[in-house]
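Me: Before I rely on any of the labels used for this protein, I would like to go through them one at a time and see what stands behind each.

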Amino acid sequence: MSFFDEADEPRTETRVPSRSPRQRRPSGTGRRPPRDQSVQTRRAVLAVVLLIVVVLIALGVHSCQVSANESALKDYTNHVSSLITQSNATGKQLFGQLAPSGGQQNGPAIQTAINATLNQAQKELQTGRGY
């Protein structure tokens with residue numbers, strides 16, 4: 001006799017007894033049924049998790065803004081420092097051209113050198129106004 005030749009046993013249905021109207025809880029006890037309580041617990045946990053996520057996102061955005069501000073200030077400081085260094089070099093160049101050279105250069109050559117230094121100083125001024 002094989003496995004498939006056996007007769008099936010009759011199935012028995014299991015019924016869950018329902019509560020009769022007399023077995024219901026009185027509504028004045030103030031306790032919720034366990035199912036409602038678990039739903040409320042899940043909602044509370046979800047609300048706490050969402051609150052934590054929102055706070056973490058806000059902290060992340062704030063730290064990015066602070067970092068961007070610091071980076072912008074550092075860039076500005078570096079540009080200004082570079083401009084000051086260029087301006088100092090241009091000033092030294094101009095005063096070197098104006099110093100008495102013992103007659104080694106003639107007037108038009110000195111004027112041309114001073115004009116070139118003036119053009120360089122004006123470019124630096126425009127760069128400084130751009131910041």
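Me: How many helices and strands are there in the protein?

Reply: The protein has two helices and zero strands, where helices (H or I, at least four residues) and strands (E, at least two) are DSSP runs numbered from the N terminus. This is a predicted model, in which local features need pLDDT of at least 70 and side-chain atom pairs count only at pLDDT 80 or more, while totals for chains, interfaces and linings use all residues. Residues are numbered from 1 along each chain as its sequence is written, and side-chain values use heavy atoms, with hydrogens and water left out.

Me: What makes H1 roughly antiparallel to H2?

Reply: H1 and helix H2 (residues 107–130) pack at an angle of about 165°, with their axes 10 Å apart. Angles under 35 degrees count as roughly parallel, over 145 as roughly antiparallel, 65 to 115 as roughly perpendicular and the rest as oblique, and the angle therefore makes H1 roughly antiparallel to H2.

Me: Why does valine 48 count as partly exposed?

Reply: Valine 48, which is found in helix H1 (residues 34–98), counts as partly exposed because its relative accessibility is 47%, given that buried means under 20% relative accessible area, exposed over 50%, and partly exposed in between (1.4 Å probe, protein chains only).

Me: And why is glutamine 111 called partly exposed?

Reply: Glutamine 111 lies in helix H2, and it counts as partly exposed because its relative accessibility is 43%. Glutamine 111 is 14 residues from glutamine 97 in sequence and 9.2 Å from it in space, C-alpha to C-alpha.

Me: What percentage of the residues of the protein count as buried?

Reply: Of its 131 residues, 4% count as buried.

Technical notes
Axes fitted to C-alpha atoms, helices over the stretch in contact; angles between N-to-C directions.
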